[in-house]
Amino acid sequence: MTATPVTLESLRADVAEILEQPASTIGDDDNLMDIGLDSMRTMNLVMKWEEAGLPIGFPDLAETMTLSGLWAIMRERLAVLAPLELSI
């Protein structure tokens, strides 16, 4: 898992960077596809998150195209992973 804490704001910052727009313009419930997150950018974002050890993939973005939805998935998976890492 990642050493840097993951937050809704860090996810927003990553999406904003990929879309080359200010993070303040991306709302929690904005449809990311509607604001420019096409399939190529989605793959780049997923690769960035996978390299950082974040438990989210392309199917997750296809299923929920909002930051709030992605954050819900991420929190759930991180909560499951945290106890496993403590026991290693």
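Author: Let us begin with burial: a residue is called buried under 20% relative accessible area, exposed over 50%, and partly exposed in between, using a 1.4 Å probe and protein chains only. This is a predicted model, in which local features need pLDDT of at least 70 and side-chain atom pairs count only at pLDDT 80 or more, while totals for chains, interfaces and linings use all residues. Residues are numbered from 1 along each chain as its sequence is written, and side-chain values use heavy atoms, with hydrogens and water left out.

Reader: What percentage of the 88 residues in the chain is buried?

Author: Buried residues make up 36% of them.

Reader: How many helices and strands does the secondary structure hold?

Author: Helices (H or I, at least four residues) and strands (E, at least two) are DSSP runs, numbered from the N terminus; here there are 4 helices and 0 strands.

Reader: What span does helix H1 reach from its first C-alpha to its last?

Author: The expected span is 1.5 Å times one less than the number of residues; H1, with 12 residues (8-19), reaches 16 Å, close to the 16 Å expected. Its buried residues include Leu11, Asp14 and Val15, and just after H1, Glu20 takes a positive phi of about 55°.

Reader: Which residues have the most contacts inside the largest nonpolar core?

Author: A nonpolar core is a set of buried Ala, Val, Leu, Ile, Met, Phe, Trp, Tyr and Cys residues joined through side-chain atoms within 4.5 Å, and contact means heavy atoms within 4.5 Å. The largest has 23 residues, and those with the most contacts inside it are Val15, Leu32, Leu37, Trp49, Leu61 and Met74. The elements giving two or more residues to this core are H1, helix H2 (39-51) and helix H4 (67-87).
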